[in-house]
Every structure is written in structure tokens, then in C-alpha cells.
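My notes follow, in the order in which I looked things up.

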There are 12 protein chains.
Amino acid sequence: MKILVLHGPNLNLLGTREPHVYGEQSLENINLSIRDWAGKNGVEVEIIQSNHEGELVDAIGSAPAKFDVLVVNPAAFTHTSVALRDAVSAAGIPSVEVHLSNIHSREEFRSKSLIAPVCQGQISGFGGYSYILGLQAALMLVRQG
Amino acid sequence: MKILVLHGPNLNLLGTREPHVYGEQSLENINLSIRDWAGKNGVEVEIIQSNHEGELVDAIGSAPAKFDVLVVNPAAFTHTSVALRDAVSAAGIPSVEVHLSNIHSREEFRSKSLIAPVCQGQISGFGGYSYILGLQAALMLVRQG
Amino acid sequence: MKILVLHGPNLNLLGTREPHVYGEQSLENINLSIRDWAGKNGVEVEIIQSNHEGELVDAIGSAPAKFDVLVVNPAAFTHTSVALRDAVSAAGIPSVEVHLSNIHSREEFRSKSLIAPVCQGQISGFGGYSYILGLQAALMLVRQG
Amino acid sequence: MKILVLHGPNLNLLGTREPHVYGEQSLENINLSIRDWAGKNGVEVEIIQSNHEGELVDAIGSAPAKFDVLVVNPAAFTHTSVALRDAVSAAGIPSVEVHLSNIHSREEFRSKSLIAPVCQGQISGFGGYSYILGLQAALMLVRQG
Amino acid sequence: MKILVLHGPNLNLLGTREPHVYGEQSLENINLSIRDWAGKNGVEVEIIQSNHEGELVDAIGSAPAKFDVLVVNPAAFTHTSVALRDAVSAAGIPSVEVHLSNIHSREEFRSKSLIAPVCQGQISGFGGYSYILGLQAALMLVRQG
Amino acid sequence: MKILVLHGPNLNLLGTREPHVYGEQSLENINLSIRDWAGKNGVEVEIIQSNHEGELVDAIGSAPAKFDVLVVNPAAFTHTSVALRDAVSAAGIPSVEVHLSNIHSREEFRSKSLIAPVCQGQISGFGGYSYILGLQAALMLVRQG
Amino acid sequence: MKILVLHGPNLNLLGTREPHVYGEQSLENINLSIRDWAGKNGVEVEIIQSNHEGELVDAIGSAPAKFDVLVVNPAAFTHTSVALRDAVSAAGIPSVEVHLSNIHSREEFRSKSLIAPVCQGQISGFGGYSYILGLQAALMLVRQG
Amino acid sequence: MKILVLHGPNLNLLGTREPHVYGEQSLENINLSIRDWAGKNGVEVEIIQSNHEGELVDAIGSAPAKFDVLVVNPAAFTHTSVALRDAVSAAGIPSVEVHLSNIHSREEFRSKSLIAPVCQGQISGFGGYSYILGLQAALMLVRQG
Amino acid sequence: MKILVLHGPNLNLLGTREPHVYGEQSLENINLSIRDWAGKNGVEVEIIQSNHEGELVDAIGSAPAKFDVLVVNPAAFTHTSVALRDAVSAAGIPSVEVHLSNIHSREEFRSKSLIAPVCQGQISGFGGYSYILGLQAALMLVRQG
Amino acid sequence: MKILVLHGPNLNLLGTREPHVYGEQSLENINLSIRDWAGKNGVEVEIIQSNHEGELVDAIGSAPAKFDVLVVNPAAFTHTSVALRDAVSAAGIPSVEVHLSNIHSREEFRSKSLIAPVCQGQISGFGGYSYILGLQAALMLVRQG
Amino acid sequence: MKILVLHGPNLNLLGTREPHVYGEQSLENINLSIRDWAGKNGVEVEIIQSNHEGELVDAIGSAPAKFDVLVVNPAAFTHTSVALRDAVSAAGIPSVEVHLSNIHSREEFRSKSLIAPVCQGQISGFGGYSYILGLQAALMLVRQG
Amino acid sequence: MKILVLHGPNLNLLGTREPHVYGEQSLENINLSIRDWAGKNGVEVEIIQSNHEGELVDAIGSAPAKFDVLVVNPAAFTHTSVALRDAVSAAGIPSVEVHLSNIHSREEFRSKSLIAPVCQGQISGFGGYSYILGLQAALMLVRQG
């Protein structure tokens, strides 16, 4: 099984950026824990971070040929990108939306996701551990077929 | 460690009720998988289902004395109960909101949760497995203190 | 054939309560006319009144095993109870929403029903006679299968 | 007693038009069942169908001199015609709004009636039988004075 | 100078219809007072009442060839008819909107006119005298050119 | 009979101020035409202009003892002053709202008047002649009692 | 193949009416270009213009028996007529909505069409040429079946 | 004179629950101060706390037979319970709504009360002392008849 | 201790103005009862009424130097004056908002206060007695420090 | 004459992606039919597809120097990109917006285009044929100058 | 060159009032820095502070005769005063709106200015330095003519 | 001190693009005046223009290591880019938003900035001089620490 993990804009700054909101873990640390989980679960994983909406759309567009499932943290694009929504919807493979912070307890505009309606589910609020939960959900989704 | 799991209104009907929305698993089955997980993780778990908002508020009100963390599926009360919101907020222990279906891909009014803003996080869309993910999140929250 | 008739909150006060809005008929009188109609039409009828949302949800949850059709006056819960909506939707038997007063000519918030979209139809504004019309509609629905 | 029954726009197409929404009964059939009911109940009935708002307004304007009560299915005009609302309101005789389909479970804009607030009540969702229920309600309204 | 006076739907019922809202003057009386005013001011006047939006649109469409100015009481069409708005706008001659009742102190939806923005002005709330004020305004508009 | 005419804020600038919106007539000219009309109609008139909401409220508060009717152009206060609304409502004598420009064809926020619902009527869009029409309406209102 | 072309209210005034918005072509000219196109494409065409919503509803109601496809410019009814929407939806033959002006760059209320959601598509903004494009689209729709 | 004091959901947790919002006084203390005030003012008082909307509706429904006035802190039900609103409205005895915190300076949804419009008045923001002020208001209301 | 009591616009008219809304007590009477209460409670009180927003802002701006607490009935300014809100917020001494009528049961726009969020609390609906309750609340606020 | 055709995000996936919404034609096929049309009409055409908003903005920014007219399918950017709107507006050459699907019959958010108001017109709902209609419209726009 | 600087309501309290929002600089200090800047730039400056909307309207109304440009901090009136907007618009000389705090990062209602649309520009968020930037902008505007 | 100046999408077209909105100055000219100002004030400045949101996010993400302050004209991204907002917020150095045109006097959607709430302040409406004012504000912000 192969999982594509996508990190949206500004997530490259994790750890340094507003740690009271996003936690003190760096993206590198999160990626380590993702790879660690993948190793233990016999899953291949590819990880992409981009601040460019177009690169994320490209990656999702070519994902179905290579991956079984998507784990996506669209970050700021969650609330603004119909292009990402359409890409996920077109991909036609299971997808899980994850968020570090609890998007339901922040500014009003963050509680609404354009992407979630075309994903299987959404996980939000558990810091870097949101990714691990998202990977487990992805694993379950693929196994259940 | 002790976790209180709460099932909101109509969840007693699971398996029979609209399986295309909520899946074919009965509540009994879900509870079995919860207890199974609890056994494997050395965690005590108490499970309550109620169609009565007041009983859920009562249960949450007395939870802090007995439990370390809450896993709550408020079901229909998600969108209407300020009383549950205030109860969770007053409890002052970590709490995780879970949903069987993806509330973000159903009727507009279901995408807005009154409870999520006072929880640590929300997990939505993975059927009975949402509870297992919620329990893992709960475990992590308590361990991180 | 067996019909379950449900009276929502405050309907126990009928006759005494704001007669210019709800008419001067007591709930007892309405129930008599319901039973009278049932007798004449060879239909069994059970009548429940409750001010407790949870009791109404419980009653609807166990209705499919015992009844062929529901006639529900959700009263104040019409506008606030997603739990009742989900219960009616889950019941999977025909259901008719009835109202004593014309909910479309009162406060704006009363014109919107959360329950009606999951019922077969809605009857509103004919005082105690709304129930008789609702029973006739229920009869027709069951007979048409 | 004399009842005026009004069918709004496009109802002439009943039976052929989108039967999954409006049922398979033709307007002719409905009119037969109306006249049949009228015969049995010793009531005179006149039936008018028009796709022209102005003709319906004209008919209602001259109704008080000839009829005791109105049964109106405003169809598409339900949601757009203040002129019909004003006509019904000016008529000053009891009126009942009926709908074949359940207007509360269709497009959002159909759940709001401009006419209902000036009628005695509204009946919606029981196919051709909505008219029979409406006629019974009309009978009751006139008898109660 | 020639003025076209248009009465919208249901105004044929004036005097009998809800006199607490529209006054006790019949349309005939109002028309007499209009013709009386016209005689005294050396103005020709033509008066049309219709419950049919299309007839009013037709009348306005052919008005520029025959009239110098319009005085229109669109009644219920005030709030719903873009066709009347477009007709008045296309006519290209001065026009005055008049109302018997004060549309700003009734139901919220009556305070918004679709027609007023394409008229020179609006007069509302003075019963039959609104027409006389409207005629005077029309006279002034034409004289000022 | 005695009429109080009130001019709201910035009307002292008339003639110089945005003549494409408000016309080229100065306030002095308008006042002359008001006094001229008053002389011809045997009516006493007092005219007050103020940029101070409080002064207008004061004037209206003491008006009932001295005047039979109010003609008010609240100008910018039309859309913002609940205090003026309450003053007019408390005065308990007939009142007419007038506007130079057509407030229904300008910025959206100008089409809504807080004052009009507590006046007998509103006249808008006829330049300085709006006042003359307002005075005639006032005369009619007092004569009709 | 037979096409019904419908022109909505006020389109009879084309050429004279606000040419800066609707262009300088008269309806007669547009009809000539339609017939010319029809001749060249071996298509029969019938053209109806009406300011009466009811006549347009009548025409669409009887269209399926005689025509293969509709090309409709609902003009002002675009934004207000649920009756036209229901008629087009009931007709069950392909339909194309066309507009002379770009309805998306005018008043806010014009950008929303009640008719478009039940048509195959919408063409807007190309003057009289919108009809030719609409006819070509109609031709393609019928040929593709 | 007899007063019924009702405490809504979660108020049993007072003192422990979020003291920065609700103060440090326990419900027991507040009840003591209520009884103390009652003793000094020669008034009988009964106090009920419930997390169950139905119990509060029941209590209000039977209140008119036993009490002269209600003092109600609906807590979370303030913003969601039409059932409580209808119960208070049906009771037909004077009622006072009280709140510990200033509901007008918290989350937007808390500033709107469904109950207040059917009470004589509302008192909000003075901690436990809100009840004492509410009792005084109740006393005044009954004495003034 | 010294309390500043502020009466907003039109309150000078009390007793004469719409007694069915505001009661029959004159402002003089209310002021007498305020001074009477002050005498009995050993409190100094200064009372200002103004129809001028600016005078009320001036008074509040200079209040902190002379008063311990404010009791304000902003009347019509409640819903429109950010200036009063900022003045109260800047004053930095406890403040209580009072209203004669129940602002929550009148026009929608009156239920929203711009001032209440920066006061300690709000009292509404008890006629002249609202001031006495406000004074008691003020006393309590200052004593609690 | 030279036309620039722009395909927005995810259109590279056409044919494979949700064919029930977007049809079964690949982008390659559409491009062939575009070039075919161009050849037959003696028009030069350049075609660009990008998932990157910035690349589309760049392309439009440099278009006026090289092209006479734009045919743009902004796809997901239709509803979110003010940058594309500003680019089209700045280009100052005629532009036509096209859509494969009927954007007026899908999710509410898709019916609103940010780009259309600055184009000459919009064509929506005719699959790949929308481009051919768009090209014809473009041709007409340039020829009419 | 002569500049009129206007300070709106409550700005007389600067330095003492909520320094975490508005800074610790007194109005006197700001005025000193304004005069200092004026001296250095060879500009005459007049400064007015008022809590009275009417005084500010008066000042702006008479400004064109004496000043070349306005620098206005409307403070609380920014969000509520159409009268100030109309005064600035009527003045017809360049004007600059300035704010001490960043009005875009405070309560939602503060982000909307009624005045800014009729000014040349707006400067917000730089404390007392906002005035200096505003003066420089004013200088530039006048010099560019 | 080092300042990063960012120009958003389409600003490369300045001078040629809609000069009645954005002025006739080219971006080159503005950059010259920026560098000129920088030279005179002993400040280092780097200038980046991009039509790609991702490039601007990248630039801001790496800015804190190299710059003391940001001056950003987000252009079209002002109203749509949460990614830019998050980038500015994460950067943690002072930032100033500038606009050439007065965004408060254009289309409604342009008056709302997603970026401004996380900047120190906003300057809008002074053409190329907005940048100079922004640079001065930036200088002041850094000097004040």
C-alpha cells in the first residue's frame, strides 16, 4: 500500500511559527513520525510540502496512478481552494483531511472546509498526532476497500 | 486511566437505521470494539448511550471526578445543544468529538458543531472506526498532560 | 393497522393555554376525537404526550416494531430538534406532521420545520381537526403502501 | 355550501410531468375525485386551472360573492406571487392552501409560502389526496363559522 | 399633456378590501378624483387597472408614443415584478410610483420596491390622495422637462 | 393650522453641494417656496435646519404643543437615527417624511428609512418640490383629522 | 427538427429600448437572423414573444408535442418566475437559456437565474448573436440525443 | 406570595465551573441568599435546578396553580429552547429572566434570548446578585398586579 | 459613594409619550424615586437627561473623576451609538445599562445593544423600577470592588 | 486574427475525471476540435492549460500584445480568483468565459463567477462544444470591433 | 496651504483611555506633533476635537471656504455617521481618513467605514503617527491638484 | 535596517492597466521612488513582484531571517488569500499593507482585507505614494521596536 501525504502552505514553518497555535513540533519531526509509523505498518509513504496551490493540484492529479489513498493537510487552502477540492474529488481514491489545530475553535472562517465534503473524513485538533490518526484512518479505508 | 464514552440520540438504532449513511455496524458491535481496544491499551472505559440531553449533561457534569478524558458522539445534539457545549466546557478535562458519518458532506446544518469549539479536536467520517481514532487521540491527550 | 400519535411539549396545557392561538379544546377532547375516529375507521391508536424530547425520541425509535405510521405534532420541537428529525428519518415508516395553529402565520422562526422534510407531509392550522386530517392522511399512506 | 378550487400553473400537465415528484395522477383524475367528494358531501364545487397569475387573481377577487371557501394550490406562484397573497387576504373568506408534493423536502426556495400566512392552514405532501384533505378542512372551517 | 395612470392587481377591490389598510374609498371614487384633478389642470388622463402583469407591461410599452408621463401604483407587483421595472425603464418618459398605504410600515418585504429605482420618485401612505400628489409631481416633472 | 418643517444635516449646503444629486436650488429658495405655499394656503409655518440630531429631537419633542403636523427631511439621519424615530413616534401628531433625491435609486443603505414607519407617509425624489407635496399631504392629513 | 424560440417580456421593444444595454438591433432583425440561420441549417423554427408569463408557460407546456428543443430568453422572468422554471423542467426536452446582455455584469439580482438550473446550458452577453449560438447549441443537443 | 425559582442546565456546577465567567459562588450559596431574601421579604420560595429541559417545562406548566411569579435562569436553554419559551408564555403569570454572566458580552449566539420576549424583563451580568434583583423585580410585578 | 444617572433621548417626554410602551410615570417621578432611594442608601446621585449624544459622551468622559459608577439608560442610542459605547468603555468605572421597556420583546433592531457589552450588566423591562434595580446593582458592584 | 484559449485547473484530467459531470471527452480531443475549428475559420489559436493561477495570470497579462481575444475556462478559479478577474479586466481585449458543465445547476457556490462580470459574455453547459460556441462568439466580437 | 484636522468623539481622553488599544500618547501630544510637522512643512493647520457629530458636520460644511484639505479621524462616528459621510462628500476638497488603532483587527463592526468611500484614502493602525502620515498624504494630494 | 517590499498579482501591468483606477505610474517608476526613498533614509530595500501566491508565501516565509519589516501590496490576493495571511502572521515581524487605489470605494468585495488584521496597519488610496507612506510607517514601527 502507498500513501501520499500532502502538507499545505506555511507548514514548512512549523515549530517556529506561532507555537501557541500550531505546537512546537517542526515539520521535520512530524515527517519523521509519519515515516516511523509507515515503517511499522508496512506502508510506503511519499510526503510533499508546497506553498503553491498549483503544485498540490498537480500532485493530486497524478496521485491515482501511484497511490492508494491521500492524507491531506490543506492548511490555509482548506477555506479558499475550489481547485484542491476538485482535484481530490477527481482523484477518486480515498482521502483524509487532517489539521494540526482545532479549526472549529478559531476564527469563524476557518471552521468551514471546502475540501472535507469530498474526503472520506476529517481529523482536526491533535497537533502532529492528527497525521498519525489520519494515516490509521487511511489504512482502514484502503483495507475495507 | 479512565475514559467516558458518550453516544448521543438515536445511536441505539445503529445498524438498522439508514445504513447507507451510518454503516451496518450495530452499537453493540461498536461498543465491543471499544472495550476490545480498551483492554489492549490498559484503559478503563465506561459507555453511556442516551436520547435525553439532560442525561448526557448529567453524565458530563459528574465526569471530572471519575474520568480523565471524554470521547463524545453528540449525534443530533451536535448542532443544537448549548447545554452539552457548556457541560463539556465546564468539565475541564480533555474531550474528543467523534462522528460516524462525515458531517461536512451532508445537509448544511450538520457541518456546524456547537460542541467542537470546546473540545480538543474532532474526528468525523470513519464509521465505527471514528471511535477507535477518538480513543487513541484521548490516550495521547492524557499522556501529554 | 396501528397508528402512533405523538403530542410534543406544552400540549398538555391545551385549552387553558393561550386559547386565541391554540383554540379552546383540551388535549383530552382532542384525544377523544382521535379515539373516536380510530374506532370508526377500524384502526388501533396509541397516544403519547411528553415535554421531554428524549421520551419522544425513545417512542419513535421503538415505533417501527409496533406501528404502521406516525402522526406527530412536534410543537416547540418542530423548530429546534434535530434529534426528532433523525428519529423520524430512522423509523422508516410513513409519518405525518400536524400543527394546531398555522405555523406559517406566526413568528418567522415558527415557519421553518426541521421535521417536515423527513415526513411524507405536513398539515397546519386547523386546530384539533388537524389531527383528524393527519390520521386520514396516515390511513391513505399505509393503504397505498 | 360552495367551494372554489384553484389549480395554479403547470398543473394541467399532471401525470405526464415529472411523475417521481408529482405522482402519476392526471389533473382530470384529481378533478373527478374532487367532484366525487363534493357529491358525497352535498357541496357545490367549481374548479379552475390557469397558468396566468392574473386569471387566478381575478377568480379570487370575484369569489366572495359566489363561494364560501377557497381551496388553492398556487403551485409555482406559492413562492413568488404577492398578488395572489393580497387577493386571498382581500377575499375575506376561509381559504386552504394545498400542495401535491411535500414542499418542505424540496429546493430551499419552495419551503417558503407567500400565500400560507393569509390562509387558515396549509396541507402539503399527500399527492391528489391533499385536495380531499383540503376540502374536508374547508368544510369544517365553514361549518364552524 | 397626457398622463397614463396605472392601477396594479387587486386595486379593483378597493373600498371593500381590508379598509383598515387601504381606506374606504372605492377605485371608482379615486378615478373620479383623478379625472376631476385632470380637468382642473388641463391635462388629459387615461386610467387602466389590471390584475395581469402582462397587460401592465403592454400598456407601459406602448405609452411613450401616447403619453408624457406615467403615474403607477404597482400594488403587489411592486415587490416582485422585474418585468414592470424593465418596462418603466425602457419607456424613457418620467414616471411616479404611488401607494395608498405606507409600504414602509407594513411587512418587511413590502418596504422594498423593484420599480422605484427606475422612477423619478415615490409617494406612499396618503390613501387616494397619493394619486393626486403623484399627478402634481408628474405635472411638475413634465413642465421642468 | 401650524406646520413645523425640519431640514436635517447638510441641507444648509444645498445648491452648492453635489447639484447632480440634490439639484441646484439653495435651501433659501426652498424655504421661500415653502413660505409662499404657506401664505397661499393660510397656513403658519416654522422652519428649522440643524446638523445636530439632538436639536431636531428637541424640536420634535416640543412640537405637539405648538404644531398640528410635521414635515421632516431627516437627510442623513433617515438611515441612522432611532432617536428621531422615537421622537416622531412620541410626538403623536401626523408627520410626513420628504426627500429631495430618490432614495430608492442611490446606495443600498439609503433605501431603508428608520423614520418612515412611524410617519403617515413618505415622498421622495422630486427635488425642492418634494416639500410642497409634503405640505399638501400634511394639509390633507390635518383636515381629515 | 423543430425549434421553439421564446422571447420574454419587453423584448418587443428592442432597438428602441436602452440601446446602450441591449444593443440597437430590433426584435424583427433578430428574428430575421434566426429564420435565416434556420433556413441554412434545415431546421424549422417557431418564434413567440410575450409580455405575459402565462402565455409563455402555456407555450412551453404544449411544446413537447411539437418541438425537439427550446431556446428561451426569459428576460425579466429569468429572476422571478418559478412557473417558467417548472414549465421548462416539465417539458422534458432539451432547452437553452439565452440573454442579449451579460447578466453577470449588471445589477446583483440579475446574475441569478431561476431557469438556468433546469436548462442544459446558458449563453449570455453576445447581443442578438446569443440566439444564433443558442440555436447551434440546440442543434448539437438534439443531434447528440 | 409564592415565587418559583428555576435554575437551568449546568448551574449545579457553579463555583467549580469556569469561575472567571460565572463567579466563585456555589449554587448552594446562591440558594441560601435567595431563601434569606425570601425570609426577610415574607415571601415563600421554591427552587428547582435541572439539566433536563422537559423537567423545567413540566415545572413551569404546573406553576400557575401554585405560584404568583417565576424567576428563571434558563442558562444554555436561553438560546435554544422554544419549549421553555412556550411554557413561560402559556403560564400566564409574570416572569423574570436572570443571568449570572453578562450574556451581551460573550459569544454572539448568547446575546439572543428566546425566552426574554415572553418575560416581563431580563436581568443579566451581576453574578448571584442577579437573582436577588430578579426577586425584587418579581415582588414589584406581583404587587403592581 | 457617588452615582451618575444618565437618561438618553426622548426620556424627557416620559408619561406623555406612548404610555402603553413606556408606562405612565413622568421622568420627574422617576428622578424623585431615584433621589429617594439615594437618600435611604447614603449615596450621592447626579442625574442628567439629554437628547444630544455629544452631551452624554461629554458627561461620561468626565465621570471617572467624580463618580464611582454609572447607571445609563441610553434609550434610542442603545442601538446606534458606538460613541457612547467607547465612552463607557473608556470611563473604566462600573456601569449598568437600564431600560424601561423590555427591549427584547419589541422591534428586532431594539434587542441588540451596542452599549451592554461594555457594561457590567443590563436590566430591562421593569418600568421606572429598572432604575432602582440598576442603582442596587451599582451599589453592589462598587462595594464588591 | 489570433485567439488565446485558456484551460484552468484539473482540466488536464478531462475524460477520466467524473465523466457524469464533465463528459467523456479528453482535453486532447477538445483541443483537436478547437484547432480544427480554427483551421476552418482561418484563425490562429494558442492553447494553454495550467493548474497554477499565477501562470494563467501571467499568460493573460502578456496576451494583449499577441492576441485579439481570449476564450477562458477558469474552472475552479471561476469562483475564487480575483487575480484572474483583474488580469482579464486589465487585458482590455474581448474575452469569453466558457464552462463544460452547467455551473448554474451544481453546488450553490459554483453559480457565482468572479470572472464573468469583466468578460463580454459567458457560455455554460454544452460540454466540449462550449469552447466552439465560445470561439464563434470571440470571432464575432473581434469582427464587430 | 491650510489643513483642517478633525478629531472625533472620545479622542479627548487619549492617553488615559484604554492605552493597550489606543497607545499612551495624549491628544495634546498628538496635536503638538501635528503643529510641529505643519511648521516644518510650511503648512497652516487648524485642529478641532468634538464629541458632537453636529459640530463636526458644521466644521466640515464651512471648511471648503477656508481649507485645502481635510484630515479626519472620525473615531466612533466612522461606523455610524452618514451625516459625516455626506458632509465630507459635499465639501468637495480632498480628505484623508486616519485611525490610531488598526480598525481591521478589532470588532467586526469597526472594519467597515462609512466615511472612507468618500475620502481619497484611509490610513489605519500607526498610533499618533497615523496623523503625520495623513498630513503627508494631504500635502501630496493638494500638490498634485 | 532592511525592508522587503512585495507587489502582488497584475501589478507588473501598472501604467498600462486601467489608469483611471490605478494611476498612470508604471511599476518601474514606483520602484524607483521606493529605492530613492530608501537611499535617502539609509534603509536597504528588496522588491519582489509576483503573480504567484506561492512565491509571495515563500518570500514572506523566509523574510524574518533577512528583513526587519514588510511592506505588502497583496493586490487581488488581499481578498482571497488565507495563505498570505498566515504567512504574514507567522513571519512575526512588523508589516504594513498598502494599496494604490482606495479599496473602500470600489466593489463591495474589495473593502474586506484578509491580510490587514494581521498587519500593524493599512494605507489605501494614495497611488504610488501609498508605498512611500508605508515605508515611513515601517521605519517608525522598527524604530519604536
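**Notebook: contacts of chain L**

I began with a salt bridge: E108(K) and K112(L) pair up, with 3.3 Å between their closest N and O atoms. I keep in mind throughout that the model is a predicted one.

How many salt bridges are there across the interface of chain K and chain L? I find 2. For polar contacts across this interface, I note 10 residue pairs, both partners at pLDDT 80 or more.

Next I asked which elements of chain K supply the side that touches chain L. I see that β5 (121-124) and α5 (129-144) of chain K each bring at least two residues to it. The largest share belongs to α5(K), with 6 residues. Sorting that side of chain K by class, I get 11 nonpolar, 10 polar and 2 charged residues.

I then looked up the extent of the K–L contact. Chain K puts in 23 residues and chain L puts in 23 residues. About 1800 Å² is buried between the two chains, and carbon and sulfur atoms account for 59% of that area.

**Strands and symmetry**

How do β5(K) and β5 of chain L pair, parallel or antiparallel? They run antiparallel, and I note 3 bridges between them. Within this pairing, I123(K) sits opposite I123(L) of β5(L).

I also checked how the two copies are related. Chain K superposes on chain L through a rotation of 180 degrees, with 0.0 Å of shift along the axis and an RMSD of 0.0 Å. The two copies are therefore related as by a two-fold rotation axis. I looked for the C-alpha of chain K nearest that axis, and found that of I123(K), 2.3 Å away. Of the interface residues of chain K, 100% are also interface residues in chain L, so the copies meet through the same surface.

**Chain A against chain L**

I turned to another partner of chain L. Here 15 residues of chain A contact 14 residues of chain L. The buried area comes to about 1200 Å², with 54% of it from carbon and sulfur atoms.

I count 2 salt bridges between chain A and chain L. One joins the side chains of E107(A) and R85(L), at 3.3 Å from N to O. By class, the side of chain A that touches chain L holds 6 nonpolar, 5 polar and 4 charged residues.

Technical notes
Residues numbered from 1 in each chain as written. Chains lettered and ligands numbered in written order. Predicted model: local features only at pLDDT ≥ 70, side-chain atom pairs only at ≥ 80, totals over all residues. Heavy atoms only, no water. Least-squares fit on C-alpha atoms with pLDDT ≥ 70 in both. Contact = heavy atoms within 4.5 Å. Buried area = accessible area lost by both parts, 1.4 Å probe. Salt bridge = Lys/Arg side-chain N within 4 Å of Asp/Glu carboxyl O. Nonpolar A, V, L, I, M, F, W, Y, C, P; charged D, E, K, R; others polar. Polar contact = N/O pair within 3.5 Å; in protein donor to acceptor, adjacent residues only side chain to side chain. Helix = DSSP H or I, 4+ residues; strand = E, 2+ residues; numbered from the N terminus. Pairing = 2+ DSSP bridges.
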